[in-house]
Every structure is written in structure tokens, then in C-alpha cells.
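Please look over the sequence and the model before reading on.

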Amino acid sequence: MIVTLVGGGPRSTGILERIVALAGAADTAANADTAGAADAAGTGDPIDVHVVDPFPPGGGRIWRQDQPALLWMNSTTADVAMYPDGTGGPTLADWLTAEAETLRADPAVRPELDRLLARPSTAFASRSVHSRYLAAVFESLTKAAPDRVRVHVHRASATDLTSRDAGGFTVHLSDGADVDSDRVVLALGHPENHPSAREAALAEDAVARGSIYVGPGYTADLDTELVPAGEPVLVSGLGLAFVDWTVLLAESRGGRFDRGDDGILRYRPSGREPLVYAGSRRGVPYHAKISYSIADAAPPLPHLLRADAFPDRTLDFRADVLPVVARELARAHYHELWRSHPDRVRGPFAPLDDALAAGDDARVATLVASSIQDPADRFDLDLLDRPLAGETFPSRSAAAERVHEYIDADLRRRADPAYSADAAVFTALLSIHRVIGDLVRLGRLTPADIAAEVEGTLHSLFSFVASGPPPERLEQILALGRAGVIRFLGPDTRFSTDDDGYVATSPSHPDVVRARAFVEARLPVASVSDTADDLLATLFRRGRVAEVRSAATGPGKVAVDDRSRVVDATGAATDGLYAVGPFVAGHTWSGAFPRPNVDAGFFRHNEAVARDLLTDVTSTR
């Protein structure tokens with residue numbers, strides 16, 4: 001058996017971990033003469049795994065080591081694992097503690113090591129440090145593999161894939177080598193795109209005007225020095241890419257943060273910062289990560305949103321699924337409020353629980369109004385998603401002050417276990433992603449719903465509520481706002497151009513802001529038809545890869561079936577050819593780094609794909 005993993009990042013590493021584990025389990029069972037050993041991973045036949053990536057395996061391009069130390073992860077070290085639950089493999093926190101002395105000898109890591117070890121479970125590591133963990137995981141897998149599992153690393157790009165007359169595929173590499181394979185997994189992570197028509201037009205216009213335009217991209221790949229000091233720059237987006245940009249435009253230019261005797265963090269400018277005018281649809285940055293332990297705020301999940309609770313038919317996401325998502329989140333919130341803060345509620349939880357289960361919204365509203373006096377304790381999904389919706393201000397500066405108040409309140413609430421209902425909602429969102437993954441795999445959602453609703457609506461909510469920055473970073477953004485380095489534009493910000501340059505407006509206030517520099521602080525939208533990846537572009541051009549499109553999203557991701565096999569332009573799945581990861585339709589739910597001990601979709605999906613890879617499809621299907 002020959003398996004080729006195209007891409008050497010975390011997803012390939014996770015699948016490799018399962019191949020190694022399944023082969024080891026099969027060998028152990030065979031040695032013990034246990035019936036069914038062959039079901040796990042053959043009966044002792046060699047398994048050659050080829051990993052193809054020009055970047056070092058483990059981290060790949062996105063998680064490579066040569067990134068600025070100021071670029072942090074948005075999960076704590078204890079919440080990042082590359083080994084499935086119960087296998088005993090170290091989390092990032094475990095690995096940091098075990099390898100502390102070795103890491104201290106690394107001059108690139110030494111400056112942040114004390115910060116990480118001072119809070120070994122709750123610290124946020126740089127992406128560069130995390131890359132070292134991923135590399136160590138990959139290396140440990142190659143060493144732990146049974147003798148019959150041989151791992152071959154190719155520091156090259158895959159440029160083409162062709163079918164072999166005898167079955168299987170040949171993967172053609174940029175260094176001229178060919179790899180004949182029985183199975184191929186496209187684990188390309190976040191392939192780069194060619195600029196969209198809009199982005200190309202903005203770039204051409206910037207050259208003609210002598211202005212500055214920086215399109216979507218991964219911050220570590222972009223040149224932040226293009227943004228001039230002392231000038232206004234319009235920034236579209238207030239998500240994680242925005243956090244990266246502001247750190248690099250401020251602290252890396254010589255500014256520093258100091259905490260005064262009053263406990264307030266302040267920013268001391270260097271004078272080299274630009275004036276950052278930032279806005280987005282919501283008008284506020286992502287919620288800070290919860291900084292207290294959330295282990296106790298874990299209601300029984302899934303409760304209402306279960307794959308087996310839906311009818312066995314194609315579902316309409318907005319009509320069938322989204323209302324249950326809303327009730328599951330509300331139920332998690334109120335379950336925790338009644339369980340941990342009974343002094344803030346009146347009467348028993350059971351009537352509200354029954355009303356939520358029945359989907360009786362009027363009854364829910366009546367019970368909430370009579371049972372919960374403090375509006376801060378009531379769950380409002382619309383307000384959670386759009387906290388400034390409908391608010392208006394006399395000026396941009398007044399809107400910015402409102403954003404400062406919002407950030408300050410968010411930081412305080414996310415640090416206060418008195419609001420542990422927020423942690424229950426966070427846990428429910430993780431559970432919801434797992435269930436949505438089950439619905440995708442069962443084929444209950446259409447490709448259009450996956451593209452527009454799962455990848456769009458639901459993922460946007462999840463990112464905003466549950467995938468925000470470390471609280472330290474959000475506190476720094478607030479300090480930058482109070483120092484005038486960041487100037488928030490308010491909700492529903494619109495960016496455009498006129499004869500004088502770039503323009504930003506918000507319907508929440510009358511002010512107009514102009515600048516000659518414009519940055520789109522977001523990741524590229526996945527687009528098979530616009531991909532700059534040679535292999536993916538070639539397969540799409542030949543019709544061997546289909547793109548999931550929708551009216552809402554336009555160009556989209558790679559289409560796969562319920563086994564993650566690539567679907568071609570005719571709608572047929574290709575045996576032996578798989579695609580996994582964030583560039584694949586329906587895989588956003590399993591694309592993030594998994595938390596340990598929550599039965600993460602990342603691990604379950606890797607297990608399913610690895611089992612399929614190691615099964616003889618010609619004899620069993």
C-alpha cells in the first residue's frame with residue numbers, strides 16, 4: 001500500500017498519526033491472533049506514506065517556524081492537541097513543559113519561554129513555537145511507526161496527478177520526481193489564490209494613483225512596511241487578521257505597552273505607527289477568549305441538536321437546522337445559569353427546558369422575562385452576534401468610544417466566572433460543529449447550504465464568539481484605541497474609492513474618512529477556480545475536481561462525498577483520491593486545532609479517512 005499526502009501541515013500529520021496507530025493496533029491484534037485484525041490496517045503488508053510539501057513537515061507553510069514571535073495562536077497551550085483523546089500524546093502545554101530545557105537553548109524561542117512556562121496551561125504561544133511542537137509530533141510519529149510503515153518526506157510541490165493504467169495515481173513533483181500511489185490525499189491547507197477581479201482592479205488602481213492597497217492574505221506572508229508611518233490607513237475587518245496587523249503596525253515598530261499603577265494598560269507610541277481607521281460589518285473585534293476555567297461549565301451535549309433527531313432527508317439549513325442551533329445555545333446558557341447561579345433566577349429550570357425542547361419561542365420569552373431579572377443574564381443570539389446593531393452616534397469618535405466601552409466590558413465579562421453561562425455557550429458551539437459535521441457526512445445538507453450557511457453564517461458566528469484573540473491582545477487593541485493609533489469606524493462600515501483615494505463610511509454616524517492606503521485584513525476566500533496552487537488548478541481545469549458554488553458565496557471550495565473522496569465535474573467520486581481541510585466544502589467544522597477531551601471533529605475525521613485509506617475499496621465496495 002502506498003499513500004501520498006499532498007501537504008505536510010497539521011491535517012496530514014493528524015492522518016499520519018491515525019495510520020501509524022491503526023497499523024500498530026493491527027499488528028498487535030495479529031500477534032495476539034485476534035480475529036478481525038486485518039480490518040484495522042491490513043495483515044502486515046508494507047505501508048509507504050509519502051508526504052509532499054516544500055515546507056518542513058508538521059507545520060507546513062501556514063505554521064512554519066520563520067514567523068514573527070508577535071503573531072500568537074488564539075488557543076491556550078492546554079487547549080491544543082495533535083493526539084486523539086485517550087492516546088496519551090502530549091498537548092502543546094505538556095510538550096512545552098517536557099521540552100523546556102531544550103527549548104531554552106533555542107535563541108528564537110528563549111524570549112517567550114518564561115512567559116509560557118509561568119502559566120503553562122493558560123498561556124498563548126506564538127505560532128513559531130507551535131510550529132516546533134508540530135514538527136516534534138511529526139518526528140515522533142516517524143519514530144513510533146511500526147517497521148512496516150515507512151514515511152518518506154519530499155520537500156517539493158505536487159504539480160500534477162495522473163491516473164495509472166494499473167490503478168492508482170502518479171503524483172508529479174516540482175523536483176522532477178514521480179510518486180506512484182494507491183491512495184492520494186490532498187491536504188493543501190489554505191492554498192494561495194490569484195487575486196479576484198475586484199482585488200486585481202484595486203491593485204491596478206493603486207499603482208495608477210500612487211496609493212497603497214494590500215489585499216487579503218496571511219499576515220506572515222505580507223509586507224506590513226508598505227503601510228507608511230503617520231498617515232491614515234483604512235483597514236477592513238476586525239477579526240484575527242486585524243489583530244495580527246495591529247500588533248505588527250504598532251509593537252514591531254517600537255511602541256510598547258505599560259501597565260500603570262491603576263492597572264490600566266497603556267500604549268506608548270514610537271511615532272512610526274500609522275493612524276489605523278478600522279471597521280467591519282459588526283464594528284467590533286471578536287470576543288476575547290474566556291480566561292477562567294470552563295471545565296465546570298459544560299452542560300450535557302449534544303442535547304437538542306443531534307444528527308439522529310433530524311428526519312432522514314435533505315435538510316434546509318435555515319428552516320430545519322438554524323432554529324435548533326439557536327435553541328441549543330440558549331439551552332446551554334440557561335442550564336449553566338440555573339446550575340451555577342441559582343441566586344440570579346426564579347423558579348425551576350424544567351419549564352424553560354421543556355419550552356426550549358418544544359421550540360415554543362413565545363413560552364420561552366415569557367419564562368425568561370419572569371425568571372431572570374438582569375438583562376445581562378438573558379441569552380440573545382441576535383445581540384450576541386451583532387452587539388451594536390441599530391445604534392447611532394453623532395460622530396465617528398463617539399462610535400469609537402462606544403467600541404472602547406464594548407471591548408472593556410467584554411474583557412471584564414470574559415474574565416468573570418460569574419458569567420460562566422458564556423463558557424457553556426462556547427462549549428455548545430463546539431458540540432454544534434461536531435453535529436454539523438455529522439450532518440455533512442450523512443449528506444443531509446446540500447452543497448449550496450454547506451457553502452453559504454455552514455461555511456458562511458454558522459462559521460462566522462463561531463469565529464466571532466468562540467475563536468477570538470487572547471484577552472491580552474484584545475486589551476492591547478483597547479490600549480491602541482485609547483492612544484489614538486486605532487480609530488474604530490463603527491458597525492456596517494463600507495469601503496469604496498473616489499477621485500481622492502479610499503473612503504470609509506458607516507450608517508451609524510455622519511463622518512467620512514479618507515486615506516491613500518487600504519488594507520483588507522482577512523484571509524483569502526477559498527476559491528478552486530481562482531487557486532494559485534498548480535496541482536489544484538490543473539485538476540480543476542481537467543474536470544477532475546468540482547467546485548461547490550452558491551449564489552451567496554460565488555466561487556467556492558473543493559467538492560467531496562461523505563467519505564471525503566474528491567467529486568469530479570460529472571458529480572462522480574474518485575476512488576482513492578481524497579481531499580481534507582479548510583479548502584474543502586463542509587470541512588470548516590473540523591479545520592481548527594482540536595481541543596483535547598471533547599471528541600473533536602478533527603480527530604474523528606482523521607480516523608475515518610485513515611481507515612478508508614487502509615481499506616481495499618475494490619474488495620469491500
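This is a predicted model: local features need pLDDT of at least 70, side-chain atom pairs count only at pLDDT 80 or more; totals for chains, interfaces and linings use all residues.

Residues are numbered from 1 along each chain as its sequence is written, and side-chain values use heavy atoms, without hydrogens and water.

**Pocket and cavities**

Rolling a probe the size of a water molecule over the atoms shows where empty space is left. The search runs on a 1 Å grid over the protein atoms alone. A cavity is a set of points where a 1.4 Å probe fits but cannot get out. A pocket is an open set with protein on both sides within 12 Å along at least five of seven lines. Lining residues have an atom within 4 Å of a point. Points are joined across faces, edges and corners, and a volume is the space filled by probe spheres set on them.

The second largest pocket is lined by 22 residues. Nearest its centre lie H287, A376, L383, L384 and R413. Helices (H or I, at least four residues) and strands (E, at least two) are DSSP runs, numbered from the N terminus. α12 (381-385), α13 (396-414) and α14 (421-441) each supply at least two residues of this pocket's lining. The largest share, eight residues, comes from α13.

Two cavities of 30 Å³ or more are counted. T246, V247 and A250 are among the residues that line the largest cavity. α16 (471-482) gives the largest share of that lining, four residues. The second largest cavity has A376, D377 and R413 among its lining residues.

The table sorts each lining by class: Ala, Val, Leu, Ile, Met, Phe, Trp, Tyr, Cys and Pro count as nonpolar, Asp, Glu, Lys and Arg as charged, and the others, Gly among them, as polar.

| Space | Volume | Lining by class |
|---|---|---|
| Second largest pocket | about 630 Å³ | 11 nonpolar, two polar, nine charged residues |
| Largest cavity | about 40 Å³ | five nonpolar, two polar, two charged residues |
| Second largest cavity | about 30 Å³ | five nonpolar, three polar, three charged residues |

**Nonpolar cores**

Buried means under 20% relative accessible area, exposed over 50%, and partly exposed in between (1.4 Å probe, protein chains only). A nonpolar core is a set of buried Ala, Val, Leu, Ile, Met, Phe, Trp, Tyr and Cys residues joined through side-chain atoms within 4.5 Å.

The largest nonpolar core has 93 residues. F242, V321 and Y334 have the most contacts inside it. α14 gives the most to this core, with 12 residues. A second, separate core has 46 residues, including V20, A123, L134 and V580.

In helix α17 (residues 534-541), the buried residues are L535, L536, T538 and L539. They sit on the same side of α17, because they cover an arc of only 165° around the axis. That arc is taken from the directions from the helix axis to the C-beta atoms. On the other side of α17, D534 and R541 are exposed.

**A loop residue**

Where is A600? A600 lies in the loop between β21 (573-579) and α18 (601-613). A600 counts as buried because its relative accessibility is 8%. Its C-alpha atom is 8.1 Å from that of L430, 170 residues apart along the chain. Leaving aside neighbours within four places in sequence, A600 is in contact (heavy atoms within 4.5 Å) with R434, P594 and R595.
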